[in-house]
Amino acid sequence: MCDHRAVRFVVYGAGAIGGVVGAGLLRAGYEVAMIARGAHGAAITRTGLRVESPDGPSTVRPSAVADRPEAVEWRADDAVLLAVKSQDTAPAVAALARWAPPTVAVACLQNGVANEPTVLRWFPRVYGVTVMCPAAHLEPGTVVAYSSPVAALLDVGRYPTGEGEVEDGDVGVAARISAAFNASGMDSVVRSDIMRWKYAKLVLLNLANAVDALCGPRARGGTLARLVQEEGTAVLAAAGIAMASEEEDRPRRGSPPQMKPVPGQPRGGSSSWQSLARATGSIETDYLNGEIVLLGRLHGVPTPANEHVRRLANRAAVEGWRPGSCTESGILDDLSAAPA
């Protein structure tokens, strides 16, 4: 177990984040299997995973490609990198638990804060990962990494707290995963309080995902985004939930990765924007803005802006609206007209 590259990574959900991270691990010499559904999985099986980046295109070939967990030949010391959208976590992990050994470590490379407790229902070794990775997945068999040479910031910690168990005097699991990320063109540190950082990302970044999906990426800096963030801050304070402060978080987010042009690839928006662009029929907002709505209801804090964009984003996904179909002023007018 002292050879870090002896551990196989199983990327469950090889879309934008899973695909970029998995490709980096493959190029660094790690064994990587991928679970990818439908046309995307079929394309990876047939021709490999194509990665478009500022340095030009490349193709990697995972050691195995499966469309579901039962098609993987599982090993007791596999590390699962869970990268499905939050609305897909519960069914994905329930399926994983039917086939994967209970000894596997599961690291959540996902937005929001609901994934780790969900995974802990089935697996004891759960790790949170705070992901800063400008990436996209808009067509089968291809992902886009918009940053180079550092593709992502991926900070890791044991859930609910800690750095992970130490095995026979070797480094802990979180340190092992973090070392693999650092060896693969990413920047990673181990955090014993990883959920503080994931709550910070939720409030400071992810609550605005629905705003940029509905109104376009420029709306991230507008009044509506500020309203959902202010509600998020108030709700966490009322709930007694700690988050890393903006002052703590700013230097880390100011580190690489830095967005660069990718030839032939337009810059889009957030992962929620991409869900509308790909017309997937679902969107992650119930586990982002919806997390704030839930906590607000539990602790008596009104969250009208988060509730409104949550409902509207779900409607957009189900009815097939294109990204940017709404105006920020129109949504703000709706909020002003709503009864208190």
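Trainee: Which of F9 and Y30, if either, is buried or exposed?

Mentor: This is a predicted model, in which local features need pLDDT of at least 70 and side-chain atom pairs count only at pLDDT 80 or more, while totals for chains, interfaces and linings use all residues. Residues are numbered from 1 along each chain as its sequence is written, and side-chain values use heavy atoms, with hydrogens and water left out. Taking buried as under 20% relative accessible area, exposed as over 50% and partly exposed as in between (1.4 Å probe, protein chains only), both F9 and Y30 are buried.

Trainee: What kind of aromatic pair do F9 and Y30 form?

Mentor: Rings of Phe, Tyr and Trp (its six-membered ring) pair if their centres lie within 6.5 Å, and planes under 30 degrees apart count as stacked, over 60 as edge-to-face and the rest as tilted. With 5.7 Å centre to centre and 75° between the planes, the pair of F9 and Y30 is edge-to-face.

Trainee: Why do the buried residues of helix 8 line one face of the helix?

Mentor: Helices are DSSP runs of H or I with at least four residues, numbered from the N terminus, and the buried residues of helix 8 (residues 223–239) include L224, V228, E231 and V235. An α-helix has 3.6 residues a turn, so residues three or four places apart point the same way. The directions from the helix axis to the C-beta atoms define the arc, and the buried residues of helix 8 line one face because, seen down the axis, they fall within an arc of 130°.

Definitions and conventions. Helix = DSSP H or I, 4+ residues; strand = E, 2+ residues; numbered from the N terminus. Expected span 1.5 Å × (residues − 1).
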